There are 2 protein chains.
Amino acid sequence: MSIFRFAAGFRSSAGRCGLKASGNPDLSLLVADGVCTAAGVFTTSLVKAAPVLYDQAVLAAHASEIRAVIANAGCANACTGAQGVAAAREMARLAAVAVGCEPHQVLVLSTGVIGHQLNVEKVAKGVAAIAPELGVEHAPALAEAIMTTDTRSKTASANAVIDGVVVTVAGVAKGAGMIHPMMATMLSIVTTDVAIDADLAQSLLREVSDASFNCVTVDGDPSTNDTLLLLASGASGVTINASNIASFRQALEAVCIDLAKQIAADGEGATKLVTVTVDHAPSVAAARTVARKIACSPLVKTAIHGGDPNWGRILAAAGVAGVPFDPSQVELWLGSVQLVAGGTPTDYSEREAASQMSGKHVAIRLKLGAGAATGYAWTCDFSAEYVRINADYRT
Amino acid sequence: MSIFRFAAGFRSSAGRCGLKASGNPDLSLLVADGVCTAAGVFTTSLVKAAPVLYDQAVLAAHASEIRAVIANAGCANACTGAQGVAAAREMARLAAVAVGCEPHQVLVLSTGVIGHQLNVEKVAKGVAAIAPELGVEHAPALAEAIMTTDTRSKTASANAVIDGVVVTVAGVAKGAGMIHPMMATMLSIVTTDVAIDADLAQSLLREVSDASFNCVTVDGDPSTNDTLLLLASGASGVTINASNIASFRQALEAVCIDLAKQIAADGEGATKLVTVTVDHAPSVAAARTVARKIACSPLVKTAIHGGDPNWGRILAAAGVAGVPFDPSQVELWLGSVQLVAGGTPTDYSEREAASQMSGKHVAIRLKLGAGAATGYAWTCDFSAEYVRINADYRT
């Protein structure tokens, strides 16, 4: 695999400012060479972190004037009231001074423990240290500096040929816990070198997030900080319009799905990536709802962890998703083994079914028999290690 | 504690018929001395077990003619198609023959693994063995014979004085896993010696189940078999009517809440009973919705298991419950320690907060600041033992 780089027109820098008790990297800057267009999709939780509130206000007024993103890990700056909002604004100001732009041209991301006030002095020292080091070669370091309980950094890129020019979409994400995005994801920044209208970027990003990050769940708990940002530099000279948007969308969706699956596979305590496919459903939304309900079930996820093809739990979860279907029409596959036909068990071999769960990837496919639409959900298995991580997260 | 008995007018029997691999008791009969009135609340899952479908049909036509309940553990008779429905009908027929009544006077309960056909021959031999042993002294044995992964049997009783007569409400329940009832619970049978009209019994049971069993969650997964039955023998000579229903309702609710809390405390792998109270909410339904969302959160439940007062997870869960409130107005208590005021942390002591989680009971109270209604949810902590139990359930 080649070394990860953001799209043309962006440089980055990352380092340590002491917000993480571990001393690991926890501060980063992504800076556009010129003004770029940005779009964002955020948590739908009523309890929104300060940087989410800040970014939403910035994008409402200045989506076509963005220059930089400053991100910290180790403190979510959520449930921090007016002091938290002031801290997010101060982060933007510090980045703006370092970059040489206005504060309203900076977006802010935070992740970490909820309910602690952000130490702004640490951020100030950190910005002073990393801002002089901006370069294209620090993209992998940025992906590491946004991690919390992630065990590995998450990057993805794709190309499309548009109007004869090769354009790039390249993004990073962090996930691990409190992952069950509602119209957004934990933290992800996706860059591209196309030019795109801000409103078009926003509507495209929302559609793509529904087909990618919003299909991931680790524990059914959406976060206060879920944020997906798209930044478009225009450095390729290609402008997206109605006639070439399909190619761009395909590349954007590929990057977002790749990052989403990396988040699922690296869920806290995870040992397996689970893909749930629901097809023959009345609509894509209905298919996704059922797939997510299955992917959220602790009983399904523990059975997968134990390598037990206990499929009754899959049908039980589907039955309470709120999507109408006829239980006597459903078919269920585990990998290549059909477990259920007409709502009742086939004469499958238990040994063969269990063997479909022995690898790093487990595929569940439920055919609802009530339409023609397909939807996906990605999740991980549920291990005792998840409990250990989350029982001790702060201590 | 006195020895558990059902209400006057009921006898029972329990024993082993070989459906449980462990050889533990797995079959029971509850028989009314005469015809009694019954009401039932069942799973709202689309995927309903055969005995649920059977009981719903019986109660629709014969709710005032019930004589017996036959219950098995070790096999849920769910996702078993037409063969499963025939097996449920055969269970009722076997009990009817043994009791000397019609099959449509018998209700059927099953719990255990989903997707296996019920071995009716084993049930037939079991009924023949236990039917001659009917007696009031076997009520505790019945409570044991409906257990699956429960670590202890669950019984509760309450008295009320109505029209100068002491009447009794006495019930049993089983819980442990796949516990997140939707308008019903896992399995519970509640008896009483009052007489009550079938329609009144049904509407009362539904109301009471919403305030008791439907406030319990172990893992957020509703079951295919959730069933709560009320049987009224009339043996006390007291008839329930509009003027005395309040006293009866109080006794019925006390029994159902007692059983519901026993189910929560004995959730798979549980070490603590957690009571979530949401008050100052716009409606009781809204309060219950928020309380259940908090009680369902694996992140909240693992933090409780670890004794970590990581309250940000509680607010994060509340924020996605779909109930409107102003995050800047919420207050949060852990036991007697106030952690949050005006949506931001108080200067509480971490040590004192952690001490509120050291016992067998943990109390979370969230004041929404958006109304006057109160709702509850009961759950348990989330342990590595839960994962172990459910990774190995069938093997």
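B:Cys36 is tucked away from solvent: its relative accessible area is 1%, so it counts as buried. B:Cys36 isn't in a disulfide either, and the nearest cysteine sulfur, that of B:Cys101, is 10 Å away. Keep in mind that this is a predicted model.

**Cysteines**

- Over all chains, the disulfide count comes to zero.
- In chain A, A:Cys101 is in no disulfide, and its nearest cysteine sulfur belongs to A:Cys36, 10 Å off.
- Why no bond there? Two sulfurs have to be within 2.5 Å to count as a disulfide, and for A:Cys101 the nearest one is 10 Å away.
- A:Cys101 has 13% relative accessibility, so it's classed as buried.

**Positions from the UniProt record**

- An unreviewed UniProt entry puts "binding site" on A:Thr148, A:Lys174, A:Thr185, A:Glu268, A:Asn390 and A:Thr395.
- One of these, A:Glu268, sits in the chain A loop that runs between α6 (245-265) and β9 (273-281).
- Another one, A:Asn390, belongs to helix α11 (residues 384-391) of chain A. With 1% relative accessibility, A:Asn390 is buried too.
- What does A:Asn390 touch, apart from its neighbours within four places in sequence? Its contacts are A:Glu268 from its own chain, and B:Leu299, B:Thr302, B:Ala303 and B:Arg313 from chain B.

**Helix α11 of chain B**

- In chain B, helix α11 (residues 384-391) has B:Tyr386, B:Val387, B:Ile389, B:Asn390 and B:Ala391 buried.

**The six-stranded sheet of chain A**

- Six strands of chain A make an open, mixed sheet, ordered β12-β11-β10-β13-β9-β14.
- Which strands are at the edges? They're β12 (344-345) and β14 (373-380) of chain A, each pairing on one side only.
- Strands β10 (residues 331-334) and β11 (residues 337-341) of chain A run antiparallel and are joined by three bridges. Across that pairing, A:Leu332 of chain A faces A:Val340 in β11(A).
- Helix α7 (residues 284-296) of chain A lies across β9, β13 (361-367) and β14 of chain A. The helix runs at about 25 degrees to β14(A).

Notes:
Residues numbered from 1 in each chain as written. Chains lettered and ligands numbered in written order. Predicted model: local features only at pLDDT ≥ 70, side-chain atom pairs only at ≥ 80, totals over all residues. Heavy atoms only, no water. Buried < 20%, exposed > 50% of the residue type's maximum accessible area, 1.4 Å probe, protein only. UniProt positions renumbered as here; feature names shortened; annotations may be inferred. Helix = DSSP H or I, 4+ residues; strand = E, 2+ residues; numbered from the N terminus. Contact = heavy atoms within 4.5 Å. Pairing = 2+ DSSP bridges. Axes fitted to C-alpha atoms, helices over the stretch in contact; angles between N-to-C directions.
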